[in-house]
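Please keep the sequence and the 3D view side by side while reading, and follow the paragraphs below from one region to the next.

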Amino acid sequence: MPVFNRTVKRIQRNMVAKRRHLHSKFHHLMATELVDRVLLCTHQFSNVLELGCHQGHVLAEFQKIVPDPPISLYLQCDMSPGMVQQCSETNSKENWPDVSVVPLCVDEEALPFKPHSMDLVLSNLALHWVNELQETFSAVRQCLKPDGAFVGTMFGEATLQEFSHVMALAEEELDGGVSPHVSPFVGGYDVGSLLINTGFSIPTVDTETIEIGFKDMWELLKFVQDMGENSALLLKRAHTPKKTFERAAELYKEMYPNKENPDEIIASFEVVMWIGWHPHNSQRKAAERGSQAISLSDLAKSAGRKVYNEHGDVLSYEEANSASCATPSVVDKLLKEDSDKPKDN
């Protein structure tokens, strides 16, 4: 069942594109992080596809850092015709004269690209508005060449948690009920599962929570709107009274002050970052279970450690060897520093 109104989201992005003076510093910040991660890869990518190009932050960062890339084709795609038009007008051919940069209006929920046509797919703070993420991830894998990479960022589940909390309190107090005002975001674990379930290999996922101070809740809402990230939920309250927002703003001041500047409020933005690879025979693979050449007890002995179970009891040689067949989550608990060993009273 769809959660987001993609038509509304397209209109919101078009409105941001019309106001050319608006440039999302947050998108630029994460574009820098995204490019840094791509540059850590030793692969050379010829055909690059960017999903959700917004105002061209990722391409601009690439052009600033890599003056002569091994790229022949760079596709800037966005669901918003306004964003695509802005990128088309602002892109400079002088930076990458030998690269064909093509802005395209493409819906992330219906990718039109041929299988095995791309070497690298990028996405910066865009896919959290996709209704069927698993289908989109699967489509990305299909359009990647073997050993191609999918590198991206999206907002995570802790984003705007303070605003969501105070709105719920204000509505419960004044209106006798609670309605959603913040999109349901995914967590890092969810993205890892998506990568595995859609056939990517060597998935890597991490998260970062960035806290930003604002004068008040109204400044926060304008910041979100200027990014084109305001709500586009299908099922939401038709009208929220102004007094409810005013009460939420009061609660926000009381409950979430900025510790570094008490005159401000704090807002959290969690970002999930990932990289996944289209499977290829040249990629390293995990060894088969039970194929280890050294027992856990021998490993502990060579490290100068004892092996304990979850209760803090020292394991015998036989028990330690049998423990080496346990699940990784259990094995992680078995090796402790001697100083961590519980002491008798």
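Why does Leu234 count as partly exposed? The reason is its relative accessibility of 40%, since partly exposed covers what lies between buried, under 20% relative accessible area, and exposed, over 50% (1.4 Å probe, protein chains only). Leu234 sits in the loop between α8 (217-226) and α9 (242-255), where helices (H or I, at least four residues) and strands (E, at least two) are DSSP runs numbered from the N terminus. Together with Met1 and Leu235, Leu234 makes up a nonpolar surface patch with about 380 Å² of accessible area.

This is a predicted model, in which local features need pLDDT of at least 70 and side-chain atom pairs count only at pLDDT 80 or more, while totals for chains, interfaces and linings use all residues. Residues are numbered from 1 along each chain as its sequence is written, and side-chain values use heavy atoms, with hydrogens and water left out. The mean pLDDT (the predictor's confidence in each residue, from 0 to 100) is 85 for the protein, with 84% of residues at 70 or more. Over residues 324-345, however, pLDDT stays under 50. Where pLDDT is low, the predicted coordinates should not be read in detail.

The protein has 12 helices and eight strands, and 45% of its 345 residues count as buried. In helix α4 (residues 81-90), the buried residues are Gly82, Met83, Val84, Gln86 and Cys87, and their cover includes α1 (6-18), β2 (73-78) and β3 (100-105).

A search for aromatic pairs throughout the structure finds 15, a pair being rings of Phe, Tyr and Trp (its six-membered ring) with centres within 6.5 Å, called stacked when the planes are under 30 degrees apart, edge-to-face when over 60 and tilted otherwise. Phe62 and Trp96 form a tilted pair, because their ring centres are 6.3 Å apart and their planes stand at 50 degrees. Since Phe62 lies in helix α3 (residues 57-65) and Trp96 in the loop between α4 and β3, this pair ties together parts that are 34 residues apart in sequence. Phe62 and Trp96 are both buried.

Trp96 also pairs with Tyr74, and here the ring centres are 6.1 Å apart with planes at 65 degrees, so the pair is edge-to-face. Tyr74 belongs to strand β2, 22 residues away from Trp96 in the chain, and both residues are buried. Elsewhere, one aromatic cluster is formed by Phe26, Phe155, Phe185, Phe214, Phe223 and Phe269.

Methods. Contact = heavy atoms within 4.5 Å. Patch = residues over 30% accessible without salt bridge, like charges linked within 9 Å, V, L, I, M, F, W, Y side chains within 5 Å. Areas by Shrake-Rupley, 256 points an atom, 1.4 Å probe, with all protein chains shown as cover. Salt bridge = Lys/Arg side-chain N within 4 Å of Asp/Glu carboxyl O.
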